Every structure is written in C-alpha cells, then in structure tokens.
Amino acid sequence: MSFYIVPTPIGNLKDISNRSIEILESSQIILCEKKERALKLLNSYNIKPNLLIAYHDDKCDKIAPKIIKELKNDKNVSLISDAGTPLISDPGHKIIKFLIENKIEPISVPGPSSVISALTLSSLDISNFLFLGFLPKNKIKIEEVLEEKLTLKIPVVIFLNSKELNTTVKILNNKFSNTF
C-alpha cells in the first residue's frame, strides 16, 4: 500500500519515466485533475486503473477518507496532474496533508517540471531563483507581490494564463522596467 505523487509529461507523451509508468500500472486508483486528459496518457501506455477519480482540493474532505480506507486495504493510489509534477500550482496539497496527519507517508516520484525546463532555457544564472506560481487576480495585489519579490535580484518564475499575460506584461513594463 502506497500513495504516489507521479509527474506526467508536459508536452510529449514520451517524456515519462519507466518508473512512473510502472507505478501507474500498479495503481488500482489514480487521482487526476481531468479524466479526459488522464485517459489520453493512460490509454497511450495501456494503463487501466480500477478507478480513475477527478480530484480537486475542494473535494478532499469527501475523497480522502475513502483513499485512506483503500490504502489500508493494501491498494496503491497515484496522484497525477494534467501536465508536470502534481502540487506545483495544481491540486493535491490538502490530500497530502490529510495523508501525513493519518500517518501515511506519500512517495514523490521525480519527473518533468515546466519551471525547471523554462529556467534551463533562459540563459539566466539559475543557481538561485524564486517560483511564485500564479499571481493574485487583482492588479494592485500583483504590483505588491512583484514589488516585494523583484528586489531580490534573482530570476522569478510566475505562471500566467493567456488572459493574464497582457496585464502582467504592462505592469512589468510600466512599474518595473528598470529592474530587468
């Protein structure tokens, strides 16, 4: 009985480790963000879990006790995200906390991370960097966060969706252009 945090490919379905495939094959239950995205990966490797559950942290109170019961019944459970390593700006922290509180130690499998991939291609000195994930939605709050963090003089990684890109670039150009 084990609970695994399993990273998934970011773009190319072949960017997955043999160990990740083996763990997913041995998992009777797989928690995922979106079933259709998970099935694309699982079907490409002919992995057929007994149960595939769409998981988001707001469902933790309902799902976590069932997962604990299954783990105690000697089942293997895996948590995957749509792309990359689960919990990095993705759901999962609540169930991990719940597991630890119930004396179940999750196992994290190393694998793809969009943050590391982007940094290695940046040509910046990445011996130190700061990962902020998604910024707040409010423009003033975004400015407050950036004002505090950009003073560190190290690369800062933020996640943006396409709708937030223009706003964030404008804020950076208008208020922080002397920082770069």
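**Reading a predicted fold: a dialogue**

Mentor: Of the 180 residues of the protein chain, 39% count as buried. Please keep in mind that this is a predicted model.

Trainee: How many helices and strands are there in the protein chain?

Mentor: The protein chain has seven helices and seven strands. Followed along the sequence, they give the pattern β-α-β-α-β-α-β-α-β-α-β-α-β-α. The C-alpha trace spans about 60 × 35 × 30 Å along its principal axes.

Trainee: How many salt bridges does the structure hold?

Mentor: The structure holds six. Consider Lys 34 and Asp 82, whose side chains meet in a salt bridge at 3.1 Å, N to O. Lys 34 lies in the loop between strand E2 (29-32) and H2, and Asp 82 in the loop between strand E4 (76-79) and helix H4 (93-101), so the pair ties together parts that are 48 residues apart in sequence. Lys 34 is partly exposed at 39% relative accessibility, while Asp 82, with a relative accessible area of 17%, is buried. The cut-off matters here, because buried means under 20% relative accessible area.

Trainee: Which helices does the salt bridge of Glu 143 and Lys 175 tie together?

Mentor: The side chains of Glu 143 and Lys 175 meet at 3.7 Å, N to O. Glu 143 lies in helix H6 (residues 139-149) and Lys 175 in helix H7, so this pair ties together parts that are 32 residues apart in sequence. Glu 143 counts as buried at 16% relative accessibility, and Lys 175 counts as partly exposed at 41%.

Trainee: What separates Lys 97 from Glu 101 in helix H4?

Mentor: Lys 97 and Glu 101 are four residues apart in helix H4, and about one helical turn separates them. They form a salt bridge whose closest N and O atoms are 4.0 Å apart. Both residues are exposed.

Trainee: Which residues form the positive surface patch?

Mentor: The positive patch is formed by Lys 35, Lys 59, Lys 62 and Lys 66. Among them, Lys 66 is found in helix H3, residues 60-72. A nonpolar surface patch of about 210 Å² is made by Leu 160, Leu 165 and Val 169. Val 169 is placed in helix H7, residues 162-176, and is partly exposed at 37% relative accessibility.

Trainee: Where is Pro 112 placed, and how far apart in space are Pro 112 and Glu 70?

Mentor: Pro 112 sits in the loop between strand E5 (107-108) and helix H5 (114-120). Its relative accessible area is 21%, and Pro 112 is partly exposed. Pro 112 and Glu 70 are 42 residues apart in sequence, and 28 Å apart in space, C-alpha to C-alpha.

How values were computed. Residues are numbered from 1 along each chain as its sequence is written. This is a predicted model: local features need pLDDT of at least 70, side-chain atom pairs count only at pLDDT 80 or more; totals for chains, interfaces and linings use all residues. Side-chain values use heavy atoms; hydrogens and water are left out. Patches are made of residues with over 30% relative accessible area and no salt bridge: like charges are joined within 9 Å, nonpolar side chains (Val, Leu, Ile, Met, Phe, Trp, Tyr) within 5 Å. Accessible areas come from the Shrake-Rupley method with a 1.4 Å probe; for residues, only the protein chains shown count as cover. Lys and Arg count as positive and Asp and Glu as negative; His and the chain ends are not counted. The place of a charge is taken as NZ of Lys, CZ of Arg, CG of Asp or CD of Glu. Helices (H or I, at least four residues) and strands (E, at least two) are DSSP runs, numbered from the N terminus. Buried means under 20% relative accessible area, exposed over 50%, partly exposed in between (1.4 Å probe, protein chains only).
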